[in-house]
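Please have the structure open as you read.

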Amino acid sequence: MTTDQAQPRLAVLILLFLFGYTIIIVNLYRIQVKYHSYYAHLGEQQYNQTIVTTPSRAPILDRNGDYLAMNKESYSAFMLPKQCENFDAAKAFIENHFPQAVERVSTHRNSNFVFIKRKLSDQEIECIKQSGTDDIKLLKEPHRYYPCPAAASIVGLTNVDNKGILGLELQYDALLSGQPTTCFLERDARMGHFYFKKETLKEGKSGEPIKLTLDQALQFLVAEELKQAMERVDAKGGAVIIMDPKTGDILSLVSMPSFDPNNTESLDIDHTKNKALSERYELGSVIKIFAALAAIEEGAVTNDELINCQGKRTGYVDGRKVNTVSPHGKIPFAEVIARSNNIGTATVVKRIEDKLYDHYVRLGFTRKTNIPLPGEQIGFVNHPSNWSKQSVLSLSYGYEIAITLLELARAFCIIANNGHEVEAQLMKESISEHNSSEQKKLYSQTSIDAIKDILEQTTTYGTSRRAAIKGYRIMSKTGTANMLENGIYNARKNLFTCGGIIQKGAYQRVIVAFVKEAAPQFRFASLVAAPLFERVAEKTVLHDKIV
Amino acid sequence: MKRLRFIILFVGVNILFIFLQIHKNGKITEISYQNQNKQHQLDILKQQKEALTHQFQAMKNPSSVKDYAAEELNMKNVSLQQVHIMNLDAGA
């Protein structure tokens, strides 16, 4: 090839190169100068990332470290409507299998993201996998699982976003959730989870587990017994509380009807309440034991003093009519309480008049227990300034006084704890604050011994006979009360209570058994609540291996 | 000659330093990558542990245990009257 022939070709080549370089320079100018901020921002988006890591929700544990609430991964179905390959096919599938999501999907046709259903069942997951459509995707999400549904009314519940909405889950939501950590990452856009540099912008905090005084196994056993008892008497509701009187630990707190926290699709909001503390009741004769304690402490009576119960079902005390279930003549005061005679009780309590109110206050009937559950009611005791002539009599056998079952259990704890003040505990960590040696003495040992004797007699031959267990010291008292409906006491609707103490050596437990609205043929707590008390006490000692 | 040697030595040392610096950064990146991989594995293991704990607790929950005992093992509830204390020392 001659030089003349080569020159035009070289010129073409140079021109091509120049053209190429010009394109590169123009593009460089566009990227680096003209649209610098846009591309810089795009680059930053790809290389720099701010991520927020949410810590997993902390568990709720029982006193032995067993789980009452824990995390479980569940699947949710979602779609990305804007990126849908075949929206109509996906919509048809949703219409067939998730009809409740059709409207949501249709209205969000132009959205980037829409949930179809959260917390899918295994069958629903399988159904989506088999569907053959790629437009419906699955997302792993954490949610709560409750291994002991019997504790549902205490532990509570979280919603689909894992936020507490009931019970302790709600009360301690911030503590259990912890705080998210915000980090800045410098990374290669193609490197997945790998990064070059990590900088923590905001230090988070992991959730703190909560340890309760409840015993998961005992809670389950008690719930089973309560359920059986309610079925036996065809009752509408019930509750059982078991406490350790030395520490005030609530070992079991069951309220029915309850709900299954693992299946909340048909949740009745009324069943989510723990009736043992969110409702107060006029409990009837079970209160007599505290009226007796007040009278003995005031020196108004002794266990042996003969009291005239007038030998009839309807008598008069201070000119006011008082009815009782069985007539009794002159019997010792201990027997008056053991046989639950209203006339005898009212006769004695009349001697202390408005001091009765002070004693009910001292026993905590007008004070919250302060356990950290939302919705706790405060007991009501009619104040002497509002008293009629009947009031002191009514208060002696459990009317004009409405208390929660937890307040009742706490009052029994005072008797079991030899007159020392006891505070109910639901959180395990706080028991150290209530050392027995620091507890205030509320009642003299003489009065407590006398009351324990009366309670024992009540179980031996009185109204609580069915609560007795051979080989154990059972000190209990029953109470039957008509329910107040629209200002009138309904004799066909009753509340049945049996509260007391089970003791063997140093071992003590306070049990309160309560049944609401049994079938009409079951008229007395001795037939309804006392057998429940006995069954619960038996389960408790077997569980605690006190044989 | 001396000048040339000095220049070669100077350039050589600088190249060595640059190499060492690159090597150091490479090592840091490599270790960081390994660390992050381990962290990722740890996260996966934590998730697996949580899933297994859940499975274990689900099997251990009192209701499941009772059902298993009653249905699979034909066990029945024990009443207090059926329980007797055996003094093993006395028999020895």
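**Between the chains**

Keep in mind that this is a predicted model. Chain A brings 23 residues to the contact, and chain B brings 24 residues. Together the two chains bury about 2,100 Å², with 62% of that area on carbon and sulfur atoms.

What about charged pairs? There are 2 salt bridges between chain A and chain B. Polar contacts between chain A and chain B come to 4 residue pairs, counting pairs with both residues at pLDDT 80 or more.

Which elements of chain A supply at least two residues each to the side that touches chain B? They are strand S3 (67-79), helix H9 (216-233) and helix H18 (525-543). S3(A) gives the most, with 5 residues. Sorted by class, this side of chain A holds 13 nonpolar, 4 polar and 6 charged residues.

**Between the domains of chain A**

Now turn to chain A by itself. Its domain assignment gives domain 1 (55-211) and domain 2 (216-543). The C-alpha centres of these two domains of chain A are 45 Å apart. At their interface, 26 residues of domain 1 of chain A are in contact with 26 residues of domain 2 of chain A. The area buried between the two domains is about 2,200 Å², and carbon and sulfur atoms give 63% of it.

The rule finds 1 salt bridge across this domain interface. Asp249(A) and Arg63(A) form a salt bridge, with their closest N and O atoms 3.2 Å apart.

On the domain 1 side of chain A, the elements giving two or more residues to the contact with domain 2 are S3, strand S5 (136-145), helix H6 (152-155), helix H7 (167-171) and strand S10 (210-211). That side of domain 1 has 16 nonpolar, 4 polar and 6 charged residues.

| Salt bridge | N to O distance |
|---|---|
| Asp249(A) and Arg63(A) | 3.2 Å |

One element is worth a second look. S3 of chain A supplies residues to the side that touches chain B, and S3 of chain A also gives residues to the side of domain 1 that touches domain 2.

Definitions and conventions. Residues are numbered from 1 along each chain as its sequence is written. Chains are lettered from A and ligands numbered from 1 in the order in which they are written. This is a predicted model: local features need pLDDT of at least 70, side-chain atom pairs count only at pLDDT 80 or more; totals for chains, interfaces and linings use all residues. Side-chain values use heavy atoms; hydrogens and water are left out. Contact means heavy atoms within 4.5 Å. Buried area is the accessible area (1.4 Å probe) that two parts lose on being put together, summed over both. A salt bridge is a side-chain nitrogen of Lys or Arg within 4 Å of a carboxyl oxygen of Asp or Glu. A polar contact is a pair of N or O atoms within 3.5 Å; within protein, one must be able to donate a hydrogen and the other to accept it, and residues adjacent in sequence count only if both atoms are side-chain atoms. Helices (H or I, at least four residues) and strands (E, at least two) are DSSP runs, numbered from the N terminus. Ala, Val, Leu, Ile, Met, Phe, Trp, Tyr, Cys and Pro count as nonpolar, Asp, Glu, Lys and Arg as charged, and the others, Gly among them, as polar. Domain bounds come from an automatic or database domain assignment.
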